[in-house]
Amino acid sequence: MLDIRQRTGYLFLAVMLGHLILISAQVQSKTGVPVLETVTFGFFSRIQGAASALVGGVRGGWGNYVDLRGVRTENAQLRQQVSDLEVRLQEQHALASRGVRLEELLKLKSSTTLPTIAASVIAGSPIPDVLTVTIDRGSADGVQPDMSVIGPKGVVGRVMGPVAAHAARVQLIIDRNAAIGAVTERTRAGGLVFGRSSGDDPPLGMDLVSNLSDVKGGDVVVASGVDGIYPKGFVIGSVEASQPGPGLHRVITVRPAVDFSSLEEVLVVMVAARGATPEESAPASRQGAK
Amino acid sequence: MAVALTLQSTLAGMSVGASASVNLVLVAVVYVALAFGPVIGLTAGAIGGLAQDALSGGIIGIGGFSKTLVGFLVGVLGAHFIVSQPLPRFIMFVAATIAHDLCFQALAALVASRPLRFQVMALITQAALNGAIGIIAFQVIESGPGLLQRRRMRGESLSRRRF
């Protein structure tokens, strides 16, 4: 039991508190709300805030420290998932790019009247100075030597012999041993486009164009068809620079239309090479195709 | 307490001077506190103060708070000191009146959000009057039982006489 003096003190405090509550219930604050309500709400809101902070602290502590046991495993799983997803994303990206290229090839195939078959580039040349690629079409598909190979942007090269049953080598037009009979589209100035030395930029040059001819930078150069290999009118590239030469012919450099650094899908023109026209005997290859 | 309240209500219009008046309820509370201790004193102060507030029509609780405080303090002091002589009692009544008025005015100012107002002369007058009434009350009440007994005894002795 409490001491009599303690009981008296508690009773006194209780009665005084009761009076204060009674007064507060009657007096209104400046906002018109009873003081008791204002004080009570303010007091309990502090308690609620403290309780919320305490619960939040415990929860945060649990989440940040105790719950970390499963985080490491989950992290490893998520990293693996991310890696798998990245690989799949790259696959999808590659598929999408291939789709775009095939669509362009299809447009080309649809637009040309020449019979063609699509082929994929499966290998490059092991010798740096020899600019050839290997495609996955061969004699079993009807591919023959000296058949021209084209891409959506322009002429790629020609099939070199011997042709395997399911593969063939293609000499690119930028090879230093390659040459194409060509004319400028604007002025029909005729000449011979040839591959320059590897490392030269641009990789093509145009020879046998008279100094009197009107050829200037930007002119589109197309195949003339006189060599009997490349179909007439197909784009080879564009003139990069054209200057009068010391002799009879101009010095012209040509930038190819095809990006040979990203060659993946091509079309093989299924038309056998014919001989060069007698009056314009421009050789298909400087050293001759075998 | 009820008698004090009734008398206070009746005498409310009677003012000594222009602004002084007695507080019979406070006198009763102080008497009870001195006579019966702090618990009874604070109880009497609460009841008397609340009743006076209710009858006055103001905020209920200010008078109760003040009288409860005074009743408790007077009861505690009365238990610690010898307050059986008229002078100490008079001092107690005066101090209680001043303390009550201070507390009452402070609470009223707080509630009404106004500055504290003290009428010193009125307060002194009220304290003196309360003190005088308190002393008289003590004298009357303390001598009351003896007086009654003596009257009873006189009556019995008169009735026993045979002429």
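This is a predicted model: local features need pLDDT of at least 70, side-chain atom pairs count only at pLDDT 80 or more; totals for chains, interfaces and linings use all residues.
Residues are numbered from 1 along each chain as its sequence is written, and chains are lettered from A and ligands numbered from 1 in the order in which they are written.

**View 1. Overview of chain A.** Chain A holds 3 helices and 12 strands; helices (H or I, at least four residues) and strands (E, at least two) are DSSP runs, numbered from the N terminus. Of its 290 residues, 29% count as buried, a residue being buried if 20 or more other C-beta atoms, placed from the backbone, lie within 10 Å of its own. Among contacts in chain A between residues at least 6 apart in sequence, 58% join residues at least 24 apart; two residues are in contact if their C-beta atoms, placed from the backbone, lie within 7 Å.

**View 2. The closed barrel of chain A.** Six strands with antiparallel pairing form a closed barrel in the order β6-β7-β8-β11-β10-β9. The twist from one strand to the next averages 40 degrees. Two strands pair if DSSP finds at least two bridges between them.

**View 3. Strand β8 of chain A and its two partners.** Strands β7 (residues 190-195) and β8 (residues 204-207) of chain A run antiparallel and are joined by 4 bridges. Opposite V193(A) stands M206(A) in β8(A). Strand β11 (residues 251-256) of chain A also runs antiparallel to β8(A), with 3 bridges joining the two. Here T253(A) in β11(A) is the bridge partner of G205(A).

**View 4. Helices α3 and α4 of chain B.** Helix α3 (residues 38-56) and helix α4 (residues 62-80) of chain B pack at an angle of about 160 degrees, with their axes 7 Å apart. The axes are lines fitted to C-alpha atoms over the stretch in contact, and angles run from 0 to 180 degrees between N-to-C directions. The two helices α3(B) and α4(B) are therefore roughly antiparallel to each other, a term for angles over 145 degrees.

**View 5. The contact between chains A and B.** In this interface, 11 residues of chain A are in contact with 14 residues of chain B.

How values were computed:
Angles under 35 degrees count as roughly parallel, over 145 as roughly antiparallel, 65 to 115 as roughly perpendicular and the rest as oblique. A residue is buried if 20 or more other C-beta atoms lie within 10 Å of its own, exposed if 12 or fewer, and partly exposed in between; C-beta atoms are placed from the backbone.
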